[in-house]
Amino acid sequence: MKRFEGKVALLTGAASGIGRATAERLAGEGARALCSDVQQEAVEATAGKIREAGGEAEARVCDVGDPEQISETVQACIERFGRLDILCNIAGILRFDHTHELSLADWQHVLDINLTGTFLMCQEALPHLLESRGNIVNTASTSSLAGLAYGAAYGASKGGVLALTRTLAVEYGKRGVRVNAVCPGSISTPMTAAPALPQGMDGKLLQRAMPLDQFRGPETAASVIAFLASDDAAHINGEHIRVDGATLS
């Protein structure tokens, strides 16, 4: 399929995991990709792999917790490719804590990256997406739909992403911009490979967050993001799709 020929996609979190898999998937279907992440070497490797496969991609270091870097990244995308059709907000961080021990600074850091970073990226991209009648795909989580023990900051941030997604869909839908979200769970990525778990936790509570069959690779989520970003989903707006093997059902 070449669903994205002539389209330009900007992706955050493109250095690894779901972000890298999505960048490769969209580029493989014809998109020109601006790949951004805080990890310079890794995000350059993502863009390089796309170019080696015959695609067109640029890498840029961007900390989504920094409003200035977000603005500069969106502008760099416009300067390099001349337009923006698809924004995929995939950058995120995960931490587990006993909620009564979670510091305000750590709480705020998770929200700054996962929620405020998503908001700021949408805010900067929307003027260009209105011109192209493009779309946004945000990354929420199964934790935005059901309780995740020891994940108060993460769950709250992802719940906010889901609410933001629905709000933007309503606000901009009549102007031609769609906004949807994926809710991954039980996806094997560097972020989920070896999370730091709090001492004295109840392991049975985290067993609730296990899939019914098995963990899947990041390409599983990337395929759903690609669907939502494509014209195949032209009549889908303000929705979320779980990609989780019935995690937290």
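A polar contact is a pair of N or O atoms within 3.5 Å; within protein, one must be able to donate a hydrogen and the other to accept it, and residues adjacent in sequence count only if both atoms are side-chain atoms. The structure is a predicted model, in which local features need pLDDT of at least 70 and side-chain atom pairs count only at pLDDT 80 or more, while totals for chains, interfaces and linings use all residues. Residues are numbered from 1 along each chain as its sequence is written, and side-chain values use heavy atoms, with hydrogens and water left out.

A polar atom of the Asn 180 side chain lies 2.9 Å from the backbone nitrogen of Glu 239. Asn 180 belongs to strand β6 (residues 178–184); strands (E, at least two residues) and helices (H or I, at least four) are DSSP runs, numbered from the N terminus. With a relative accessible area of 1%, Asn 180 is buried (buried is under 20%, exposed over 50%, partly exposed in between, for a 1.4 Å probe and protein chains only). Beyond residues up to four places away in sequence, Asn 180 has contacts (heavy atoms within 4.5 Å) with residues including Ile 136, Thr 165, Leu 228 and Gly 238.

The whole structure holds twelve salt bridges, each a side-chain nitrogen of Lys or Arg within 4 Å of a carboxyl oxygen of Asp or Glu. One of them joins Asp 232 to Arg 3, at 2.9 Å from N to O. This pair links distant parts of the chain, 229 residues apart: Asp 232 is in the loop between α8 (218–229) and β7 (240–243), and Arg 3 in the segment before β1 (8–11). Both residues also belong to a salt-bridge network with Arg 25 and Glu 29.

Another salt bridge pairs Arg 80 with Glu 58, at 3.1 Å from N to O. Because Arg 80 lies in helix α3 (residues 67–81) and Glu 58 in strand β3 (residues 56–61), the pair ties together parts that are 22 residues apart in sequence. Arg 80 is partly exposed at 38%, and Glu 58 is partly exposed at 28%. In the salt bridge between Asp 85 and Arg 83, the closest N and O atoms are 2.6 Å apart; Asp 85 is buried at 3%, whereas Arg 83 is partly exposed at 34%.

The lining of the largest cavity includes Thr 12, Val 64 and Asn 89. Helix α4 (residues 104–132) gives the most to this lining, with three residues.

Technical notes. 1 Å grid on protein atoms, 1.4 Å probe; cavity = no way out; pocket = protein on both sides within 12 Å on 5 of 7 lines; lining within 4 Å.
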